[in-house]
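Let's take a friendly walk through a protein model, looking at charged side chains and at strands. Have the sequence and the 3D view ready as you read.

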Amino acid sequence: MGEGDAQALVSVGAYDGSYYGWIYQNGELDPRFSTTDHAGSITATALSNRYMATGGSDENIRLYHNFKYVGFVTDSQETITSLCFGGPYLGSGTRDGLITIYRKGKWEPTKLNGHRKAVSCVHIHPKGTFLLSVGSDKRLIITNIKGGRIVATRKYTEVPNICQYSPLATTYFAATDRNLTIYSGLEHKEEHQSILTTTSNIISAKYISDEYIAFGLENGTVGVLSVNSGEVLCSTQVHQSRVKGIAGVMLNESTYGIFSACSNGRVSVSEFKAPITSSPVQEDQEENIEPE
């Protein structure tokens, strides 16, 4: 699930291969599109300013522009587990440990090595320079995209499921089932800034600004974590079961909209009041291109 800018674009992929999109404005979710282009379940989605991408158990990545299907890319023989737009790239991870970078335009694939087992999550640095990835081999890897060189690794005792750079790359986080750890993003230093420990599994998490991370738990709880203090600023049981996807967008200078999708198919919108000094998520600047 992801969000656009100003008025928020909310998109959700479903187990039956359906893909839905809404525009959120003035407190309302307005349906804009729905499609069923995948032969199997949708297992990953990504949004940028103009483009939407979905990955599925059918091993395909499908691309959309202005709500219209425009083509697909695929270079895998396994389920797509994660997708992310960043800079001039689309990154993907798969169940067989493969990471592929597609440069927008010709969408030619470049392989990145590193993980020995399934890739859980990939995320591209806001400037398109590095790729952050975590996998079932219990490792976090930071890779230089242009040269394909691994610049840092981190080993965990449990499998990390989620990772992300903050919008300005001042920090990044990695989350296992019960712990979310925030690290300094400057020169990929080793020290961590803060750790969130939960009593229910962390299913989804995403920066909504450089100061805040929204998270969703297996028990249906939606919360917001302060990056600087490590304090949970709000926590509410919004759903009755696991929160499969979460995202946020700044609605005005003091309020964020938190969008969460539950495994039972329900999509909810919550509001989080934040200090006026918060910086909103900055979207990538993109050239006008079409897949071949």
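Is Arg 242 buried, partly exposed or exposed? With a relative accessibility of 31%, Arg 242 counts as partly exposed, where buried means under 20% relative accessible area, exposed means over 50%, and partly exposed lies in between (1.4 Å probe, protein chains only).

Before going on, a word on the model: it is predicted, so local features need pLDDT of at least 70, side-chain atom pairs count only at pLDDT 80 or more, and totals for chains, interfaces and linings use all residues. Residues are numbered from 1 along each chain as its sequence is written, and side-chain values use heavy atoms, with hydrogens and water left out.

**Salt bridges**

A salt bridge is a side-chain nitrogen of Lys or Arg within 4 Å of a carboxyl oxygen of Asp or Glu. Searching the whole structure turns up three of them.

| Pair | N to O distance |
|---|---|
| Arg 32 and Asp 30 | 3.0 Å |
| Asp 137 and Arg 139 | 3.4 Å |
| Arg 242 and Glu 218 | 2.8 Å |

Arg 242 and Glu 218 form a salt bridge. This pair links distant parts of the chain, 24 residues apart: Arg 242 sits in the loop between strands E23 (232-237) and E24 (243-252), and Glu 218 in the loop between strands E21 (212-217) and E22 (221-226). Strands (E, at least two residues) are DSSP runs, numbered from the N terminus. Glu 218 is partly exposed, at 30%.

How do the other pairs compare with these cut-offs? Arg 32 is partly exposed at 43%, and Asp 30 is partly exposed at 35%. Asp 137, in contrast, is buried at 7%, and Arg 139 is buried at 14%.

**Strands and a sheet**

Two strands pair if DSSP finds at least two bridges between them. Strands E20, E21, E22 and E23 form an open sheet of four strands in that order, with antiparallel pairing. E20 (202-207) and E23 stand at the edges with a single partner strand each, so one side of each has no neighbour in the sheet. Within the sheet, E21 and E22 are joined by five bridges, and Tyr 212 has Ser 226 in E22 as its bridge partner.

Elsewhere, five bridges join the antiparallel strands E6 (residues 61-65) and E7 (residues 68-73). Tyr 64 has Tyr 69 in E7 as its bridge partner. In this hairpin, two residues lie between the strands, and Asn 66 takes a positive phi near 55°.
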